[in-house]
Each structure stands twice: as C-alpha cells, then as structure tokens.
Amino acid sequence: MGQIPSMAEENMTPSQSITLRIAKYNPEHDSAKKFMDFTITYERWTTVLEAILEVKKHFDHSIAVRYSCRQATCGSCGMIINGKPRLACFTKISELNSNVITVEPMNNFPIIRDLAVKFERLFDTHHKVKPYLIHDDTEITSDTKEFLQSPEELEQYIQFSNCIKCGLCNSACPTMATDSSFVGPQALAQAYRYVADSRDKGKDQRLKIIDDSHGIWRCHFAGSCSQVCPKGVDPAMGIQLLRGYMLGFRS
Amino acid sequence: MRESIIMKIHYGTALAAVSLVAVHILMRLTQGFSESLQYGSVIANYKFLPYAGMLEIILILLSIHGFNGLRVILLELKQGKTYEKTVSYCCIAAMIALIAYGSRTIIMVNTGMI
Ligand code: HEM
Ligand code: SF4
Ligand code: FES
C-alpha cells in the first residue's frame, strides 16, 4: 500500500545534481560560442536562474546574465534552455527532466556577452507600433471620472496586455531569423492589444505602420511565438486577428 | 502598392487558381493523361477558345502568385533598399515575361502560325 509522504519527509528529499552547461561568448574577442560545464546540486524548486547565480557565486563570477525580478515579471532573463526559449527564473530544473541543462543566449538578438543580449531592436519595434492609448481627450475633464469599459470590451485585449517584453517570442520566430527589418511577434501582438481596446482611436495609424513589406504579412503562421510565451499572450492569434482587420473581416 | 493589397491579390490568385486548376484537371480526365500530351490533342485544346482562355487565366494567376511568393522569400532572405527594389522590379519583369511567353504559344496556335 502506498503512503503519502508527510511535508517534513518531502522537504528532506536529498538534493540531486545536474550538469549546467553555460554558453560563454564575448563578441569582442571570441570567434565562436564555447560551453563550460558545472555540476550543480538542486532541489525540486531550484530555478535555472538560481543555478546560474550559484555558478556565478562559487565558480565563475564573470558569467554575464541579465535578471531582476526573479518572478516572471520584468522580462529580463529570457534565454535558450535545453533548446527552447524560456525565462530562467520561471523554469525549474526539475521540470526539464534532464541531467544536462544547457543555457544559451536567445536567438535573433545580438549578444552582448554570454547570456546577455541586446534588446534595442525589440524596444524599437515595440515603440514603432505606438504602444499606448491614442485618444483625443486623454485628459479627463469635468464630470468624466474614468473611461468605462464593459467586461466584453476588456476581454478583447486583456490577454495581450500581459506581455512583459521578454522577447522570447521574437527569439522563437523563424522570420526574425532572416529578416532583419521584420517588426516581429511581440510588437504585432502589442499593435493588436491597442487596436482592440475600445478606448483607443489609433487603429488606422497602427494598421498603416504594420502594413509594410516587413510588417504583418511576413508572418507565415509558424506559431512558435505562442508556444514559448511565458505569459499566455498568444502573439500568433493577435497577428491573425489583426489580419482580420486588414482583410476586412473585422472592423 | 500597399503590402495589404499585394497580399490580397496573393491570396485571391491562390483561391481562384484552386478552382480553375480543378476544372483544368477535370478536363484532362475526359481523356487519358498520356493522350493529353499528344501533339494533336494539345493543339486541339488550344484551339478550343473557352478552354484556352481558362489556361491563359491560370497562367496569369499563377505567374502573379508565384513571382510575388518568390519576391516575399527574397525580401526575407536579405534586406537593403537597392536589393529590395531590384528584387521587386525583377519579379515583375519575370512575371510579365512568363505571361508573355505562355500567351505567345496560345496566340500562335490560334492565328494559324503552328
Ligand atoms: C493553387 C494552389 C495554391 C494555393 C492555395 C496557394 C496558397 C498560398 C498561400 C496562402 C501563400 C502564403 C503563405 C504565407 O504567407 O506563408 C502562398 C505562398 C507562396 N506560393 Fe502559393 N499557393 C498555390 C499554388 C502555388 C503555385 C503553383 C506556386 C508556384 C508557381 C506557388 C508559389 C508560392 C510561393 C513562392 C509562395 C511564397 C512562400 C511563402 O510565402 O511561404 N503557389 N501560397
Ligand atoms: S508576447 Fe510573450 S513571449 Fe513575447 S515578449 Fe511578450 S511576454 Fe514575452
Ligand atoms: S528575472 Fe524578471 S522575468 Fe526572470
């Protein structure tokens, strides 16, 4: 007969160890990425970010990694973990079911050093789609106290407002890999987020911006952006809904 | 031209081609596939104007669709103002050339040059 372990017993499970392979690369003097292996002990709740910080603390303090919130909120710690773009602070070693954990910088971003990548293009494309409410009377006047929205109106875009600008979707996107001018799934999902907001009046402006030879039409329905998004944003769906406006299926 | 208009044409030509190519294949079923390619029957098909007209339309639709598709692939492969302009103009030129060459065959048959 099986027994349910008590809390005390569960917490006493001996820690196990894995090999953490970290990509090291400095574009200033390295010609290619090199991997360094470290043996790390972990508990069931240890995240990949914690393991990397452990390596930094005890073995190699030179490893470059960007992080801040450690709770999937700031969008800083995106990297390729065992081949898939993920947030290091939101990925537990135990969930990867592997004795070797390989961490590499995100694809489709220029590398600053090791695991840290440049976010300029992500921020530029995000900025390009005007990620804010465009409204004639932004200032609340006299008796208006708020811009009311029904739950149905909120439902239209709320999922898309969860984006933390981590760039994982852009890292997974095959078009981003070859088209250096492509606006990318992150910015397109945000274009939809504002276009679908009942308080916004900037639909025509935004649709014009993304209706470009490197805009929305360069999405070929791979869907990998939505598979890797840690916040459930579903950029691929946002892109198809935006296409609906442009093809006249939505208004 | 706005990219959305180009892509509407791209999707439209694909949809139209699906139905016309279906008619084209059905017409081929009226005889054996090997007979289809015999000299006499090819000439006879071209001389049957409604059918030749449909083949001409398929030629135009798929040339537009195919060369625009090629343009898209090339634009995603490499970027740059001159490169992109060259790609666009070359694709339009190739599209026109292919349509002209295909139409020439149909016209030659129907004007008795063959
Ligand atoms: C009649 C059946 C066809 C249908 C329904 C069709 C449909 C499509 C669609 C929907 C796309 C856009 C895909 C995307 O944006 O990812 C596309 C792209 C393309 N098509 Fe077609 N097509 C057909 C036939 C053809 C033919 C016969 C050719 C060659 C002459 C062709 C060449 C291309 C090329 C080169 C692309 C660009 C590749 C891409 O964007 O992924 N297609 N087609
Ligand atoms: S859409 Fe998702 S994966 Fe893309 S930047 Fe936003 S949170 Fe990250
Ligand atoms: S550290 Fe902030 S999202 Fe991971």
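**Close-up 1. Arg218(A) and Glu3(B), a buried pair.** In this predicted model, Arg218(A) is buried, and Glu3(B) is buried as well. Their side chains form a salt bridge, with an N to O distance of 2.8 Å. Arg218(A) sits in the loop between α8 (203–210) and α9 (224–228) of chain A.

**Close-up 2. A network of salt bridges in chain A.** Four residues take part: Lys24(A), Asp60(A), Arg113(A) and Asp114(A). Shared partners link their salt bridges into one network.

**Close-up 3. Asp200(A) with Arg206(A).** The closest N and O atoms of this salt bridge are 2.7 Å apart. Asp200(A) has a relative accessibility of 9%. That is under 20%, so Asp200(A) counts as buried. Arg206(A) is also buried, at 1% relative accessibility.

**Close-up 4. Asp37(A) with Arg21(A).** A salt bridge connects the two side chains at 3.0 Å, N to O. The partners lie 16 residues apart and link distant parts of the chain. Asp37(A) is in strand β2 (residues 34–42) of chain A. Arg21(A) is in strand β1 (residues 16–24) of chain A. Asp37(A) has a relative accessible area of 47% and is partly exposed. Arg21(A), with 29%, is partly exposed too. Both values fall between the 20% and 50% limits, which means neither residue counts as buried or exposed.

**Overview. Salt bridges over all chains.** The count comes to 12. Among them are the pairs Arg218(A)–Glu3(B), Asp200(A)–Arg206(A) and Asp37(A)–Arg21(A).

Methods:
Residues are numbered from 1 along each chain as its sequence is written. Chains are lettered from A and ligands numbered from 1 in the order in which they are written. This is a predicted model: local features need pLDDT of at least 70, side-chain atom pairs count only at pLDDT 80 or more; totals for chains, interfaces and linings use all residues. Side-chain values use heavy atoms; hydrogens and water are left out. Helices (H or I, at least four residues) and strands (E, at least two) are DSSP runs, numbered from the N terminus. Buried means under 20% relative accessible area, exposed over 50%, partly exposed in between (1.4 Å probe, protein chains only).
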